[in-house]
Amino acid sequence: MQSKANNSQEPGKKTPTPDAAALKPVTGDDVKPTEEATSPTPTTLGNVLEAVEELWPHSLAEDWDAVGLVTGRTGQQVSKVVMAVDPTLEVIEDAIERGADLLITHHPLLLRGVTQVAGTSFKGEAIHRLIESGTALLTAHTNADSAIGGVNDALADAFGLKECVPLVDSKDGLPEEGLGRVGFLEKPMKLEDFAERVYTVLPAVAGGVRVAGDRTGIIRKVALCGGAGDSLFDAVRSHQADVYVTADLRHHPASEAREAANGGFPYLIDVSHFASEWVWLSAGARALGNVLNDLGHAVEIEISQVNSDPWDFVLTP
């Protein structure tokens, strides 16, 4: 067996805080602070919540989800925001060290009900560190997935897709809002070439990219879903997509999808959950900065460089 890690990571070693080049963001532009506000009024957490609601409305969240403010008071002042995928202890400590007043994460810290937040558990410790340091925590999860300019639009842009529509329409949103996206490549490509594009634009993680299908098969219509999307196969087939890109594909749904395709479409590309959603952070930071600036607020926004993908290395034949 040979140890093989994707891109820049060494076998058996996980770099906790890689630089931007290691994570390979979709855009090379640094996220810059918003322009100097004309109003001397300090920016409060309530002001940021107003901007977040405009960008990623709470109404777009799935019924089972837990989005919005987790810790913090709406009246507290916010001058620096850090955005990340996961609210892990490492991400939280990094945000505190950066001097963040607010940490915005894609994934919820408290998705399911809890009966205590004692510091004896890692989630309890996370809550204590946030409160003790005065760092607010805000989650934008499935609302950011479905929103215009959200996770799935960022992923579609990274893959070079055009004429995109939601894979699944939002019941409470605009026609352009919903889970996943379906769009077209500018020109038909071989599956192996498109898989290489996917590999190239995503952050470096140990698990790499897995592909099911004829490597020389020609594709143009692409379906995608940031995060775990193996519950959306019916929608993928109804859109007659040539390939489906998503994360966390389990054995049985993937196997059954390939059996039903009888060797044809849709081909499958399985990527890292973390990587598929990390590409949104830069676009989300720019959008948030623009809205806050329009509201007359100057806030510094940074992207966490902590790689919170849980896998450290992979063994391949």
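How do the axes of α3 and α4 cross, and within what distance do they come? Let's find out in the viewer. This is a predicted model, in which local features need pLDDT of at least 70, side-chain atom pairs count only at pLDDT 80 or more, and totals for chains, interfaces and linings use all residues. Numbering starts from 1 along each chain as its sequence is written, and side-chain values use heavy atoms, leaving out hydrogens and water.

Start by selecting residues 122–133, which form helix α4 (helices are DSSP runs of H or I, at least four residues; strands are runs of E, at least two; both are numbered from the N terminus). Its 12 residues reach 16 Å from first C-alpha to last, close to the 16 Å expected at 1.5 Å a residue (that is, 1.5 Å times one less than the number of residues).

Next, pick G124, A126, I127 and L130 of α4, which are buried (under 20% relative accessible area, with exposed over 50% and partly exposed in between; 1.4 Å probe, protein chains only). Looking down the axis of α4, these buried residues fall within an arc of 160 degrees, so they line one face (the arc is taken from axis-to-C-beta directions). On the other side, F122 and E132 are exposed.

The axes of α3 and α4 come within 10 Å and cross at roughly 10 degrees (lines fitted to C-alpha atoms over the stretch in contact, with angles from 0 to 180 degrees between N-to-C directions). That makes the two helices roughly parallel (under 35 degrees). Contact (heavy atoms within 4.5 Å) involves L89, I92, E93 and I96 of α3 and, among others, F122 and R129 of α4.

Technical notes
Parallel < 35°, antiparallel > 145°, perpendicular 65-115°, else oblique.
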